[in-house]
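Okay everyone, thanks for coming. Have a look at the screen, and I'll walk you through this one piece by piece.

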Amino acid sequence: CSSDLSLASTKEQSIAIVGDGLALGIGDYVVMFENAGISRWLHQLLRSPMASLRLQWHVLNCGEWNSSIQDWTPTTETPSSAAAGSLYHRYLRSEGQVGPARVVVLLNSGLKDSPHISPTTHLTSAQYVDCMRKLIVALRRQNKVVVVCTIPYCVEGTHASLWKLWVKDVNRYIVDLIESLEDRHVVLCRLDEEQFIEHTHLFSSNPTHLSSQGYKLAATAILGSVSNELKAQEWRVIKSVLSPQYDDDGQGKDD
């Protein structure tokens, strides 16, 4: 049994973080040879006793500074001929860089990393969430577990009030979208609740990005949201290695 579990532990599992500068980790401090932001903190949490995981999980940082949700939305065109959807083709198609990642976390600040861009000149909240829906559907066709994060924002300060109103509206649409999908493999992670939005120290000087403390708190929230899915995936891997010792109900055949 120990040799079988040792074999199972060699199966590398991965989580991909995709989005704009918020996913990339802008606002966090940088350590040489390490990722920043959610990726760094989630990597540490996955290896902590708190996670209660058996296999080795890797975190892929696929954030792209100054990208938009449209850049991540799948299109029917090829990457060479399409500006929109180019990041989807590069990272998220089955042959892309994310490839075997079982879990994809969608983390976006909403408006190309700047609160000073007027939402009236960009996508409406409904258009934004429609792009999100298309991306979720495409990822589910690849059998990915999708974690959809609401957009964090700070209630204090008078700057970028129009952006904040837009974000609140988008977050409402996101919650409604996840509820309407009725898919247990599409998980909502709320980053717009009180523990985030009422504390300025959780945000960087650019309010569309988090501080180091903010990213750590967000990583903890993401892990809490997807923990059951990670454990279920681990059981599938271990069961496949132990097969045919176990039947379809997970019971030992010699029990």
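Let's start with Ala101, which sits in the loop between H4 and E3. Those labels are DSSP runs, numbered from the N terminus: helices are H or I with at least four residues, strands are E with at least two. Is Ala101 buried or exposed? Ala101 is buried, with a relative accessible area of 1%. By buried I mean under 20% relative accessible area, exposed is over 50%, and partly exposed is in between, with a 1.4 Å probe and protein chains only.

And what does Ala101 touch, once we leave aside neighbours within four places in sequence? Ser14, Ala16, Leu60 and Lys144 are in contact with Ala101, where contact means heavy atoms within 4.5 Å. Take Leu60: it is 41 residues from Ala101 in sequence, yet the two C-alphas are 8.4 Å apart in space.

A quick word on where this comes from. It's a predicted model, so local features need pLDDT of at least 70 and side-chain atom pairs count only at pLDDT 80 or more, while totals for chains, interfaces and linings use all residues. Residues are numbered from 1 along each chain as its sequence is written, and side-chain values use heavy atoms, with hydrogens and water left out.

Now let's zoom out. The chain has eight helices and five strands, and along the sequence they follow α-β-α-α-β-α-β-α-β-α-β-α-α. There are 255 residues, and 51% of them count as buried. Of the contacts with a separation of 6 or more, 71% are between residues 24 or more positions apart.

Next, please find helix H3, residues 38-46. How many of its nine residues are buried? Seven are, so H3 is mostly covered. The buried ones are Ile38, Ser39, Arg40, Trp41, Leu42, Leu45 and Leu46. Their cover includes strands E1 (13-19), E2 (57-63) and E3 (103-107), along with helices H2 (21-24) and H8 (212-242).

Over to H6, residues 161-181. This helix has 21 residues and reaches 31 Å from first C-alpha to last, close to the 30 Å expected at 1.5 Å a residue; that expected span is 1.5 Å times one less than the number of residues. Its buried residues are Trp163, Lys164, Trp166, Val167, Val170, Asn171, Ile174, Val175, Leu177 and Ile178. Among the elements covering them are helix H5 (125-141), strand E4 (145-149) and strand E5 (186-189).

How do H5 and H6 meet? In general, two packed helices are described by the angle between their axes and the distance between the axes. Here the axes come within 9 Å and cross at roughly 35°. Axes are lines fitted to C-alpha atoms, for helices over the stretch in contact, and angles run from 0 to 180 degrees between N-to-C directions. From H5 the contact uses Ser125, Ala126, Tyr128, Val129, Met132, Arg133 and Ile136, and from H6 it uses Trp166, Asp169, Val170, Tyr173, Ile174, Leu177, Ile178 and Leu181. Sorted by type, that's twelve nonpolar, one polar and two charged. Here Ala, Val, Leu, Ile, Met, Phe, Trp, Tyr, Cys and Pro count as nonpolar, Asp, Glu, Lys and Arg as charged, and the others, Gly among them, as polar.

While we're on H5, look at Ala138 in that helix. Ala138 is buried at a relative accessible area of 10%, and it touches Pro74 and Tyr88, not counting residues up to four places away in sequence.

Last stop, the backbone. Most residues other than glycine have a negative phi. Ser52, though, has a phi near 55°; it's in the loop between H3 and E2 and is partly exposed, at 46%. Asn66 also has a positive phi, about 65°, in the loop between E2 and helix H4 (86-92). And just after H6, Glu182 takes a positive phi of about 50°.

That's my tour, so over to you.
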